[in-house]
Amino acid sequence: MLELLRIRNLALIEDAELEFSPGLNALTGETGAGKSFIMRAVDFLMGERMDKKLVRPGAEKATVEALFVLPEGETVIRRELSADTGRSRVFVNDALSSQPTIRDMGTRLIIHTSQHGQQKLLSPAFQSEILDSFLPDQTLLDERNDRLAVLHDVLERKQRLSEKFDDLNKQREFLEYQRKEIDSVDPQPDEENELEERKKIIKDRERAGECLQNALNLLHGEVGLLDAMTLLNREMEIVARLFPGFDEDREAIEELRMRLHDMDSRLRRGPGDFDDEDSMSLDDIEARLYELAKLKRKLRRGLDEIVDMKREIDESLSFLDACALDMKVLNREEDAAAAALRETLDKLNKARKKAAGELAIRIVDELTDLGFSEHVKVHFEFDARELHPGCEDMRGRLMWVPNPGQPAQPLDRIASGGELSRFLLALVTMRGNGEVDKDALPSLIFDEVDAGIGGLTLNSVGAKLRALADRQQMLLITHWPQLARKADRHFLIKKEVIDNVTYTRCERLEGDEIKCELARMAGGGEQGAALAEKLCK
């Protein structure tokens with residue numbers, strides 16, 4: 001239930017606060033006073049757009065705020081419109097929210113049956129939704145949507161498979177050429193770096209070999225270091241015997257001589273790595289590197305990219321070879337999904353046709369209560385919408401005959417504004433009959449639903465509105481005193497000019513104030529006062 005609505009700095013409204021009651025809340029006033037604009041403010045709060053020009057001159061922003069009482073507790077929604085940027089911000093319980101969130105909430109908070117609602121009623125798609133909303137088994141709609149989603153998924157995968165096949169098939173000759181070029185060289189991951197490393201090792205070995213030979217030459221040359229050390233050692237033995245102070249020098253010479261002999265043995269053997277001959281010579285490595293470089297230039301890619309490219313080409317060509325099999329699998333999935341959807345649609349379409357007959361009878365009963373001729377007839381025509389070959393979704397469209405002797409026609413061909421208003425009232429009345437929790441029902445807004453009616457029809461509409469308001473909260477904009485008198489709470493919307501500035505005021509009426517407004521609505525004067533007096537008894 002909408003308990004409180006506050007509007008600030010919006011168009012002619014400087015600051016208006018309306019505290020609504022359960023049941024029927026009537027909003028009355030002269031034409032142009034701003035009654036419908038208050039309802040526009042509610043629509044703005046629920047996510048509709050509004051031009052920044054509607055921010056009151058001199059104000060930085062316009063604000064619409066509402067307090068809703070729901071079964072789970074109170075919810076405050078506030079929306080602000082900037083005068084400078086035209087952007088809006090929305091808050092739920094003072095936390096920043098988004099317009100899509102508010103729109104989703106709006107369906108359970110407000111039902112606005114305005115002229116926009118009348119135009120929506122003329123849409124065949126909306127008429128089909130109305131029929132579906134009266135289906136006894138709503139799970140059929142969910143099942144239809146789920147199975148349609150499965151079918152669409154299969155079709156999308158088929159489309160992607162087909163597009164990929166067509167694209168790769170156009171490139172097949174080029175892909176095979178690229179694969180042949182790569183296969184002829186057969187590059188391996190990180191092969192280039194490994195070859196460069198092996199090339200370095202071979203060059204290092206060659207250099208090491210030269211150094212080994214030079215070292216051996218120094219040890220065994222004309223003045224070989226080993227022979228010199230042996231002679232030196234003999235001389236030092238004699239010196240040490242004669243002069244014991246040279247004994248440490250002699251020992252050092254002897255140790256050095258032994259180390260040189262050991263080094264000689266190791267130099268003759270060479271390093272252990274030299275025993276493992278590389279299978280590739282330096283010329284072989286250079287030739288392989290040249291071959292890889294030529295392939296890189298030809299394909300204009302690095303070696304690692306070429307290795308990855310080879311894998312992708314293999315996958316693409318394998319895909320082309322396997323595509324026919326994959327397409328057969330998807331065709332079987334499509335057939336299965338289409339069969340499941342067809343089964344659901346058959347059940348759904350039968351249920352729709354059955355519901356259409358029952359709903360047409362109920363609509364006629366409601367319309368008759370609302371002042372339509374007892375001869376009025378309503379039925380649904382069905383148009384087949386093909387969702388997939390062999391899968392037809394039957395969409396119901398409202399047809400009616402307001403007077404005997406006329407052919408059935410769509411609502412948009414013959415229905416007047418007043419007739420459409422009563423159609424909406426009838427449908428809203430029926431759609432809520434199954435609800436039991438009053439607090440969970442959305443608030444109803446009827447914006448001049450009484451347009452174009454009068455007399456006995458007005459009484460019928462009034463009774464229907466009153467019965468509906470007993471079930472759920474209603475905000476009613478009306479020009480008829482007979483309808484306003486049925487309200488639980490009455491608000492007067494009026495314009496005032498103060499110091500050449502126009503304001504829209506919203507006043508709650510009580511007692512004699514209500515009687516005065518009813519008299520004005522009845523045309524004023526003695527006749528208006530008499531009708532007001534009669535209505536207030």
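Biologist: Is Cys 506 buried or exposed?

Modeller: This is a predicted model, in which local features need pLDDT of at least 70, side-chain atom pairs count only at pLDDT 80 or more, and totals for chains, interfaces and linings use all residues. Residues are numbered from 1 along each chain as its sequence is written, and side-chain values use heavy atoms, with hydrogens and water left out. Buried means under 20% relative accessible area, exposed over 50%, and partly exposed in between (1.4 Å probe, protein chains only). With a relative accessible area of 17%, Cys 506 is buried.

Biologist: Which cysteine has the sulfur nearest to that of Cys 536?

Modeller: The structure holds zero disulfides, a disulfide being a pair of cysteine sulfur atoms within 2.5 Å. Cys 536 is in no disulfide, and 9.4 Å separates it from the nearest cysteine sulfur, which belongs to Cys 516.

Biologist: How many residues apart in sequence are the parts that Glu 30 and Arg 520 tie together?

Modeller: Glu 30 and Arg 520 form a salt bridge with their closest N and O atoms 3.2 Å apart; the term means a side-chain nitrogen of Lys or Arg within 4 Å of a carboxyl oxygen of Asp or Glu. Helices (H or I, at least four residues) and strands (E, at least two) are DSSP runs, numbered from the N terminus. Glu 30 lies in the loop between strand 3 (24-28) and helix 1 (35-45), and Arg 520 in helix 15 (residues 512-521), so the parts tied together are apart in sequence by 490 residues.

Biologist: Which residue of helix 15 is about one helical turn from Arg 520?

Modeller: Arg 520 is partly exposed, at 29% relative accessible area, whereas its salt-bridge partner Glu 517 counts as buried at 5%. The closest N and O atoms of this pair are 2.6 Å apart. Three residues along helix 15 separate Arg 520, by about one helical turn, from Glu 517.

Biologist: Which residue forms a salt bridge with Asp 488?

Modeller: Asp 488 lies in the loop between helix 14 (481-484) and strand 14 (489-498), and its partner is in helix 13 (residues 455-471). The closest N and O atoms are 3.0 Å apart, and the partner is Arg 466.

Biologist: Which strands are at the edges of the open sheet?

Modeller: The sheet has six strands in the order 2-1-4-5-6-7, with antiparallel pairing; two strands pair if DSSP finds at least two bridges between them. Strand 6 (residues 88-92) pairs with strand 7 over two bridges, and Phe 91 has Leu 96 in strand 7 as its bridge partner. Pairing on one side only marks the edge strands, strand 2 (13-19) and strand 7 (95-96).

Biologist: What accessible area do Ile 238, Leu 242, Phe 243 and Phe 246 have together?

Modeller: Patches are made of residues with over 30% relative accessible area and no salt bridge, joining like charges within 9 Å and nonpolar side chains (Val, Leu, Ile, Met, Phe, Trp, Tyr) within 5 Å. Areas come from the Shrake-Rupley method with a 1.4 Å probe; for residues, only the protein chains shown count as cover. Phe 243 sits in the loop between helix 7 (225-242) and helix 8 (247-269). Together the four residues form a nonpolar surface patch with an accessible area of about 410 Å².
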